[in-house]
Amino acid sequence: MSGSNPWDAEWEVSEALAKHLVYSQFPQLSQESVRLFGHGWDNTVYLVGDRYVFRFPRRSIAVPLLETEGKLLPMLADRITIPYSKPLFYGAGTSEYPPPFLGYEYLPGTYPIGLTDGQRLSSARTLAKFLKELHAFPVLTARENGAPSDRRNLTDLASRKEKMVRHLADLKGYIRGEDYRLISDYLQQLTTDRVEPKEVFLHGDLHFKNMLVDEKGRISGIIDWGDINIGHPACDLNIAYSFLPPAARTSFFQVYGGIDGETKLLARLIAVFIPMMILLQAVTDRDEAIADEAINNIRRALAD
């Protein structure tokens, strides 16, 4: 594994610092407990009491994204039907912790880890409706409120393939031989270098760690909107491959609408790429449950 990782933090937010920031800026919460909830690439997350979640940027790249999130997410309230993270508390940076931070109503649920195919199928139409609604949000409104254009250049398949080949080499000692060959064979047969750009309003980082399910395994919430942007719908549609089994995809696209071959190609590629990155982080964190789910996402994405 390389010594420098893209998820390494620039700002560490300890429990003591999180308490100080929340209590000093929102005194009405000063009697609530504050405990670490988790962290992603861009944010450290604390649970405040039983009702609120606060996200603190870990990296400078997350700051403008968080600010845009604070403007745009309230606008989705009447547009999408799945519960999502709505900002309620807008925290300001301080000398101790320079970036802004946001607090949201807590959404109950767990990561969709270890679900059966039947449980996944039960959410196919719900997810498709959600993405159809989200992708219909006016691009002009999103842009006027700070949503950036695709900064990751997702439509350049050739450069993404190169990254995936490097990441696969990093993973060689951590995954089974058949999984290594599955990914390697997929990348070798991928000959398309670029797809035509498309523009819709995106969640931008849709994967199993940003989705919640209820006790029956049904989708109950979408979280972590820090990567909202304007870009190719395939970025979000990757969940039709990574989250859903092949038998559920017809139902999904019946609701969402038909997509062209290039969009399917890119969606499948991202459905392999994102879990690879999650797997790399899980290996670093020694999180076996997340690692197992990530590799299962890849297997589903490459199944027909």
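Helix α4 passes helix α10 in a right-handed crossing, meaning that the near helix is turned clockwise from the far one by less than a right angle. This is a predicted model, in which local features need pLDDT of at least 70, side-chain atom pairs count only at pLDDT 80 or more, and totals for chains, interfaces and linings use all residues. Residues are numbered from 1 along each chain as its sequence is written, and side-chain values use heavy atoms, without hydrogens and water.

**Helix pair**
- The axes of α4 (residues 124-135) and α10 (residues 246-256) come within 8 Å and cross at roughly 35°; axes are lines fitted to C-alpha atoms over the stretch in contact, with angles from 0 to 180 degrees between N-to-C directions.
- Helices are DSSP runs of H or I with at least four residues, and strands are runs of E with at least two, numbered from the N terminus.
- Contacts (heavy atoms within 4.5 Å) link residues including Leu127 and Leu131 in α4 with residues including Phe252 and Val255 in α10.

**Sheet**
- Five strands form an open antiparallel sheet in the order β1-β2-β3-β5-β4; two strands pair if DSSP finds at least two bridges between them.
- β1 (34-39) and β4 (87-91) each have a single partner strand, so one side of each is left without a neighbour in the sheet.
- Five bridges join β1 to β2 (residues 43-48), and Leu36 stands opposite Tyr46 in β2.

**Cores**
- The largest nonpolar core has 79 residues, and Phe201 and Trp225 are among those touching the most other members.
- A nonpolar core is a set of buried (under 20% relative accessible area, 1.4 Å probe, protein chains only) Ala, Val, Leu, Ile, Met, Phe, Trp, Tyr and Cys residues joined through side-chain atoms within 4.5 Å.

Methods:
Buried < 20%, exposed > 50% of the residue type's maximum accessible area, 1.4 Å probe, protein only.
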